[in-house]
Amino acid sequence: MTTVLGHDAQARSMMAAASSGRMHHGWILAGPRGVGKGLFARALAMRLLADAAGPAVGGEGLGAPDNHPIRKLIEASAHPDYAELAPLEKDGVTARNISVDQVRGLQRLIQSAPSLSSRRIVVIDSADDLERGAANALLKTLEEPPADMLFLLVSHAPGRLLPTIRSRCRTLRFDALDEGAMRVILKRTDDSLSPREIDALVRAGQGSPGQALRYAGLNLTEIEDILATLSAEGDPDNRRRLALAKSLALKSAKPRYEAFLERVPAFIAQAARGRTGPALGKALDHWEKARHLAGGAVILSLEPSAVVFELAGHVAALASPD
């Protein structure tokens, strides 16, 4: 079976809709990036197709047993009643968008009768990546959906979708995962992670396992320790900031540098939550400046050592009482 942690209520809701016999044809799975919406959509599709074709899986979980024939077909990309759309990869480079040709390629599935059961399912991950023409092509199908066809549209920012697409779908909302689910997922994904590494990844992930795992292997605990020291003790002689800037400016340190850019504004924001009055105002001022600098550092090709030094200065300023 496919285990989808932290989204039990959503799973129960979708299984109840499916068993009612009146399941809507289009669903937007909306929520923060990296919380498992795509995994949920694929596991739901597998469960529904397995139940429809038999043998029925039973229970409340999603997915299907490892030996189920429908699971094997889906994992082999050979199920005739199932399709996934995502940006294509070519020569190791992933396209930015889902093209109109990809959406048009669904016509075989749409126009033919189901082969193995009464269900046909399309997963789009993510619908945010649809080109304008692709979105319009999808809309035509959503306006006149074939019988027994289900569209599962993963979306990190549903407000960006065409209003006409949103109006023809129901929305299933997903929240950030709690700390317990985060820890289980991180440990299950990489059992070599130490407790301290998991602690750091949980903080960095902010309820998103996908985001947390982007930091795996980057020694995030060291960055977190440095930020904590700077915020507690400051850096009156610039020694800590200079050493940090030197280490993160190396070409080999680019992934850690990018992680640092993301973590500093989040670190300052977290520190601000425990403050009131002038101290809160000061922390928010440094958060705004750090967010602006970090957000433009890569786009504007700013010198990494200078960026690191300045960002670390915003963290060190939190130690000053005035």
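This is a predicted model: local features need pLDDT of at least 70, side-chain atom pairs count only at pLDDT 80 or more; totals for chains, interfaces and linings use all residues.
**Sheet**

I began with the strands. I found five of them in an open sheet, ordered S2-S5-S6-S1-S7, with parallel pairing. The edges are S2 (82-85) and S7 (170-173), each of which pairs on one side only.

S2 pairs with S5 (residues 120-125) in the parallel sense, over four bridges. Leu85 is opposite Ile124 of S5.

Next I checked what lies over the sheet. Helix H2 (residues 37-53) lies across S1 (26-30), S2, S5, S6 (149-155) and S7. Relative to S6, H2 runs at about 165°.

**H8 and H9**

I described each helix pair by the angle and the distance between the axes. For H8 (residues 179-189) and H9 (residues 195-205), the axes come within 10 Å and cross at roughly 120°. I noted the pair as oblique, because angles of 65 to 115 degrees count as roughly perpendicular and those over 145 as roughly antiparallel. The crossing of H8 and H9 is right-handed.

I listed the residues in contact. H8 contributes Glu179, Met182, Arg183, Leu186 and Lys187, and H9 contributes Ile198, Asp199, Leu201, Val202 and Gly205. Sorted by class, this H8 and H9 contact has five nonpolar, one polar and four charged residues.

I also checked burial along H9. Ile198, Ala200, Leu201, Val202, Ala204 and Gly205 are buried there. The buried residues of H9 pack against H8, and also against H10 (209-213), H11 (220-233) and H13 (254-272). I noted one backbone detail just after H9: Gln206 has a positive phi of about 50°.

**H14 and H15**

I recorded the crossing of H14 and H15 as left-handed.

On the H14 side, the contact is made by His286, Lys289, Ala290, Leu293, Ala294 and Ala297. On the H15 side, I found Val307, Glu310, Leu311 and His314. By class, the contact of H14 with H15 has six nonpolar, two polar and two charged residues.

Conventions. Residues are numbered from 1 along each chain as its sequence is written. Side-chain values use heavy atoms; hydrogens and water are left out. Axes are lines fitted to C-alpha atoms, for helices over the stretch in contact, and angles run from 0 to 180 degrees between N-to-C directions. Helices (H or I, at least four residues) and strands (E, at least two) are DSSP runs, numbered from the N terminus. Angles under 35 degrees count as roughly parallel, over 145 as roughly antiparallel, 65 to 115 as roughly perpendicular and the rest as oblique. A crossing is left-handed if the near helix is turned anticlockwise from the far one by less than a right angle, and right-handed if clockwise. Contact means heavy atoms within 4.5 Å. Ala, Val, Leu, Ile, Met, Phe, Trp, Tyr, Cys and Pro count as nonpolar, Asp, Glu, Lys and Arg as charged, and the others, Gly among them, as polar. Buried means under 20% relative accessible area, exposed over 50%, partly exposed in between (1.4 Å probe, protein chains only). Two strands pair if DSSP finds at least two bridges between them.
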